[in-house]
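Reader: I have a structure open and a few questions about how to read it. Can we go through it piece by piece?
Author: Go ahead.

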Amino acid sequence: MMNTLKTSVLFLAVMVFVMPHAEAKRPWMDDFVDQYPQTAGSQLDDRGGNANACLTCHVVGSRRRNEYGADWKDAGKNSAAFVAIENDDSDGDGISNIDEINALTFPGNASDVPDTTEPTITILGDNPATVTQGEVYTDAGATAIDDVDGNVTDQIQVSGSVNTTTPGTYEIIYNVIDAAGNPAEAIRQVFVVPPPDTTEPTITRLGDNPTTVTQGET
Ligand SMILES: [Ca+2]
Ligand SMILES: [Ca+2]
Ligand SMILES: [Ca+2]
């Protein structure tokens with residue numbers, strides 16, 4: 001009987017304490033996304049079913065706050081606190097909190113850093129390439145690999161042209177941008193050269209042919 005009473009009192013106490021508190025408390029992630037709308041739907045906005053215990057402020061697999069969550073708490077644990085710690089580098093990865101938020105990387109996880117490396121473009125075939133005047137030039141293309149996005153070859157934009165009617169030096173330009181906005185460019189030179197000279201010189205004999213010379217004369 002006493003145990004039942006104790007349990008009931010405890011349950012009531014918990015309900016009185018927790019329920020109004022939970023209903024009144026606004027999820028901090030809502031404040032975060034209101035402050036930084038660019039993070040909506042990103043990994044920074046992945047709440048994993050818990051509006052507050054997200055990875056932006058908490059250690060993976062734990063309810064413990066990460067460095068960013070701890071800094072935010074120390075700064076006042078409200079919307080203004082997000083702004084107050086924008087120029088800090090909470091996780092010590094060399095990138096400020098606001099730069100990480102704009103790049104959609106975790107400001108409280110040093111192993112998650114913004115992609116600042118442009119893709120690597122590899123020009124296929126000869127560079128410079130040579131084509132004979134009057135022939136058709138077919139470009140061998142290029143491939144592009146990014147450190148984060150992987151193969152971005154299908155996103156290469158090709159510009160430039162080769163006028164094979166006129167000898168000269170032309171350029172084919174390859175441009176690609178990774179998802180983080182880092183641009184890369186590579187250029188192939190194409191030489192248009194005149195056709196090779198395959199006709200031998202013409203020799204014209206002067207005078208009689210055959211020529212007759214009398215013995216003893218010059
Ligand atoms: Ca950082
Ligand atoms: Ca980071
Ligand atoms: Ca990259």
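Reader: Which residues does Trp72 touch, not counting residues up to four places away in sequence?
Author: Trp72 touches Cys57, Lys77, Ala81, Phe82 and Ile85. Touching here means a contact, with C-beta atoms, placed from the backbone, within 7 Å. Before going on: this is a predicted model, where local features need pLDDT of at least 70, side-chain atom pairs count only at pLDDT 80 or more, and totals for chains, interfaces and linings use all residues. Residues are numbered from 1 along each chain as its sequence is written, while chains are lettered from A and ligands numbered from 1 in the order in which they are written.

Reader: Which residues have the most contacts inside the largest nonpolar core?
Author: Met29, Phe32, Cys54, Cys57, Trp72 and Phe82, in a core of 14 residues. A nonpolar core is a set of buried Ala, Val, Leu, Ile, Met, Phe, Trp, Tyr and Cys residues joined through C-beta atoms within 7 Å. A residue is buried if 20 or more other C-beta atoms lie within 10 Å of its own, exposed if 12 or fewer, and partly exposed in between.

Reader: Where does the largest share of this core come from?
Author: From α2, with three residues. Both α2 and α3 (67-74) supply at least two residues each. Helices are DSSP runs of H or I, at least four residues, and strands are runs of E, at least two, numbered from the N terminus.

Reader: Which residues of α2 are buried?
Author: Trp28, Met29 and Phe32, in a helix that covers residues 28-35. Seen down the axis of α2, these buried residues fall within an arc of 100 degrees, so they line one face of the helix. That arc is taken from the directions from the helix axis to the C-beta atoms.

Reader: And what do they pack against?
Author: The buried residues of α2 pack against α4 (79-84).

Reader: In what sense do β2 and β7 pair, parallel or antiparallel?
Author: Parallel, over four bridges, with β7 spanning residues 183-193. Thr130 has Phe191 in β7 as its bridge partner.

Reader: And the sheet of three strands, what is its order?
Author: β1-β3-β4, open, with antiparallel pairing. At the edges are β1 (120-123) and β4 (150-151). Four bridges join β1 to β3, and Thr122 stands opposite Thr143 in β3.

Reader: How many residues lie between β3 and β4?
Author: Three, and the two strands form a hairpin. Strand β3 (residues 142-146) pairs with β4 over two bridges, and Asp146 stands opposite Gly150 in β4.

Note on methods. Contact = placed C-beta atoms within 7 Å. Pairing = 2+ DSSP bridges.
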